[in-house]
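Morning, everyone. Please take a look at the structure on the screen, and I'll walk you through it.

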Amino acid sequence: MDSSLTDQQQDKYRSYLHGEGEKNTNWKLGAPPNYDTVNKLFEEGRTKIWPPASLEEKVQNLVKTWEMEMFNKISFPDYKSVKLQNYTVSVNGRKPLSLEENRKLGGGYNSFMQTSLPEDLRGYNPAQETEHSSHLAFTTAFPRGFALEVIQVYSGPPSIVYKFRHWGYKEGPFKGHAPTGELVQLYGISIFEVDDEMKILKVEFFFDRGELLGGLMKGDKLTSGTDQAALSCPFLRNTG
């Protein structure tokens, strides 16, 4: 971490976010995202506090860094947590995708919500969403962010297998359903294959999207257009 940065500029959990190495990075919002709000949610709601420099802490920070780059950096060469050549990501045993293929699916949340369910049963239909619309949908539902913790590491590098927990509070609308204020959480397993420099070569995720959507689709049905009004809020547009 760049020692010349102020405490306000640093992030305790993510690398490749600030500093000299990021001065030419192309950010989707024009500047590095601010994780202060979701970091607070993480620290208040986590179930594990890993010892400094432990394998668990290193894996957790690697996952947070990877997620930050995938969601916020425009240019693939700016992705420093992954080995660009031959990198792939897959969800629930589906076909491994390159960075470009993943982006064509909408990237971000949309690529993680792919499903073979019939369209009338999907609740959230990734085929009808873009990277922009999916990001707005989830950041509107979770205005304080969607926190992540690693709760167990089963094996270390080069094939890191870990269990994770994602959680947030549904304090905004989602797909026509009113806010509930309730905790929504998701558990899953992931595999990160890394090289000797801890650069990620391959990512696999396994989780039940229905557990996430079940919490998000609670709440009274809203009148048409209410979600869109929420999406126009400048604060929500800039939620990392």
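How much space lies in the second largest cavity? About 160 Å³. Keep in mind that this is a predicted model.

Let's stay with that second cavity. Its lining is made of 17 residues. Met70, Tyr79, Asn102, Gly107 and Gly108 lie nearest its centre. Helices H2, H3 and H4 each give at least two residues to the lining. By class, the lining has 9 nonpolar, 5 polar and 3 charged residues.

Pick out Asn102 from that group. It is in helix H3, residues 99–104. Is Asn102 buried or exposed? It counts as buried, because its relative accessibility is 14% and the limit for buried is under 20%. Leaving aside residues up to four places away in sequence, Asn102 touches Val89, Leu97, Gly107 and Ser111.

Now the cavities as a set. The count comes to 3 cavities of 30 Å³ or more. Which element gives the largest share? H2 does, with 7 residues. By class, this lining has 20 nonpolar, 6 polar and 3 charged residues.

Look at H5 for a moment. Of its 11 residues, 8 are buried, so H5 is largely enclosed by the rest of the structure. The buried ones are Ser134, His135, Leu136, Ala137, Phe138, Thr139, Thr140 and Ala141.

Next, the aromatic rings. How many aromatic pairs does a search of the whole structure find? It finds 17. Take Trp66 and Phe192. Their ring centres are 5.5 Å apart and their planes are at 70°, so this pair is edge-to-face. Trp66 is in helix H2 and Phe192 is in strand S4, so the pair ties together parts that are 126 residues apart in sequence. Trp66 is buried, at 2% relative accessible area. Phe192 is buried too, at 1%.

A second pair is Tyr124 with Phe174. Here the centres are 6.3 Å apart and the planes are at 20°, so the pair is stacked. Tyr124 lies in the loop between H4 and H5, and Phe174 in the loop between S3 and S4, so the pair ties together parts 50 residues apart in sequence. Both residues are buried.

There is also a cluster. Trp66, Phe112, Tyr162, Phe164, Phe192 and Phe205 form one aromatic cluster.

The charged end of Lys64 sits over the ring of Phe42, 3.9 Å from the ring centre. Arg165 has its charged end over the ring of Trp167, 3.9 Å from that centre.

Last topic: the backbone. Most residues other than glycine have a negative phi, and most peptide bonds are trans. Where are the exceptions here? Ala53 has a positive phi, near 70°. It is in the loop between H1 and H2, and it is exposed, with a relative accessible area of 53%. Met198 also has a positive phi, about 65°. It sits in the loop between strand S4 (183–194) and S5, and it is partly exposed, at 28%. Finally, a cis peptide bond joins Pro157 and Pro158, with omega about 15°. Pro158 lies in the loop between S2 and S3.

Definitions and conventions:
Residues numbered from 1 in each chain as written. Predicted model: local features only at pLDDT ≥ 70, side-chain atom pairs only at ≥ 80, totals over all residues. Heavy atoms only, no water. Helix = DSSP H or I, 4+ residues; strand = E, 2+ residues; numbered from the N terminus. Buried < 20%, exposed > 50% of the residue type's maximum accessible area, 1.4 Å probe, protein only. Contact = heavy atoms within 4.5 Å. 1 Å grid on protein atoms, 1.4 Å probe; cavity = no way out; pocket = protein on both sides within 12 Å on 5 of 7 lines; lining within 4 Å. Points joined across faces, edges and corners; volume = space filled by probe spheres on them. Nonpolar A, V, L, I, M, F, W, Y, C, P; charged D, E, K, R; others polar. Phe/Tyr/Trp six-rings, centres within 6.5 Å; stacked < 30°, edge-to-face > 60°. Lys NZ or Arg CZ within 6 Å of the ring centre and 35° of its normal.
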